[in-house]
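Thanks for taking a look at this one with me. Below are some notes to read alongside the picture, in numbered points.

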Amino acid sequence: MSKFRCTCGYVIVDNGAVAHHMGRILREQSSEQYRERATHEVADFIRAVQAGKRREWIEQFYGQPGFDLEDGSVVVDIWTRRDPETVLDIYQCDACGRVFIERAPHTFTYRTFKPEDADWRGTLAVQLPPEAAAVTMPSQPPRKPWWRFW
């Protein structure tokens, strides 16, 4: 589990569970290489299954004798194994909306960005949990048109 404090004082927690305020960024410059390697490994796995060498392939891939998983889990592991090389973690503060993007994989140092729009809530969420929707921040008053400044 890791946690860090946002500039606004709110504590952002990553406990390893899927959460509405977290995400991952696949950087475009490495995405083609990422997909190509993973696709070749999945193809190698399929060929090993067809050749009757599934168990040997899995043991070699995971580096453990007697290791076995369902085919779907192996394919997911193949795709996610390359994540550390190409993916950055991203977090969003539930209180102020600041976005924290990792500077480089697994450095745990971040660049921060503050949203300009008032509708930032749930940027990384598929669905917000009820407790996140309850966090409210005062919005900025609407700007008056220039001709109403008298």
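1. A word on terms before we start: contact means heavy atoms within 4.5 Å. With neighbours within four places in sequence left aside, T109 is in contact with I101, E102 and R103. T109 itself sits in the loop between β5 and β6 (110–113); helices (H or I, at least four residues) and strands (E, at least two) are DSSP runs, numbered from the N terminus.

2. Please keep in mind that this is a predicted model, in which local features need pLDDT of at least 70 and side-chain atom pairs count only at pLDDT 80 or more, while totals for chains, interfaces and linings use all residues. Residues are numbered from 1 along each chain as its sequence is written, and side-chain values use heavy atoms, with hydrogens and water left out.

3. Now the overall picture. The chain has five helices and six strands, and along the sequence they come in the pattern β-β-β-α-α-α-α-β-β-β-α. Of its 150 residues, 28% count as buried; buried means under 20% relative accessible area, exposed over 50%, and partly exposed in between (1.4 Å probe, protein chains only). Among contacts with a separation of 6 or more, 47% are between residues 24 or more positions apart.

4. T109 is partly exposed, with a relative accessible area of 36%. H106 is in this loop too, and its phi is near 60°, a positive value in a residue other than glycine. At 45% relative accessible area, H106 is partly exposed. F108 is another residue of the loop between β5 and β6; phi of F108 is near 55°, again positive in a residue other than glycine. F108 counts as exposed, because its relative accessibility is 53%.

5. How many aromatic pairs does the structure hold? There are seven. Rings of Phe, Tyr and Trp (its six-membered ring) pair if their centres lie within 6.5 Å; planes under 30 degrees apart count as stacked, over 60 as edge-to-face and the rest as tilted. The ring centres of F4 and F100 are 5.1 Å apart with planes at 70°, so this pair is edge-to-face. It joins distant parts of the chain, with F4 in strand β1 (residues 2–5) and F100 in strand β5 (residues 99–102), 96 residues apart. F100 is buried, at 5% relative accessibility. If you look around this pair, you will find that F4, Y91, F100 and Y110 form one aromatic cluster.

6. F61 and Y62 also form a pair: their ring centres are 4.9 Å apart and their planes stand at 85°, so the pair is edge-to-face. Is F61 buried or exposed? F61 is buried, at 7% relative accessibility, whereas Y62, with a relative accessible area of 21%, is partly exposed.

7. Both of those residues take part in a helix packing. The axes of helix α2 (residues 54–62) and helix α3 (residues 71–81) come within 12 Å and cross at roughly 35°. Axes here are lines fitted to C-alpha atoms, for helices over the stretch in contact, and angles run from 0 to 180 degrees between N-to-C directions. On the α2 side, R54, W57, I58, F61 and Y62 meet D71, S73, V74, D77, I78 and R81 of α3. By class, this contact has six nonpolar, one polar and four charged residues; Ala, Val, Leu, Ile, Met, Phe, Trp, Tyr, Cys and Pro count as nonpolar, Asp, Glu, Lys and Arg as charged, and the others, Gly among them, as polar.

8. Not counting residues up to four places away in sequence, E59 touches Q64, P65, G66 and F67. E59 is partly exposed, at 22% relative accessibility.

9. Finally, the cysteines. A disulfide is a pair of cysteine sulfur atoms within 2.5 Å, and by this rule the count is zero. C8 is in no disulfide, and the nearest cysteine sulfur, that of C93, is 3.7 Å away. C8 counts as partly exposed, at 38% relative accessibility. C96 is buried, with a relative accessible area of 9%.
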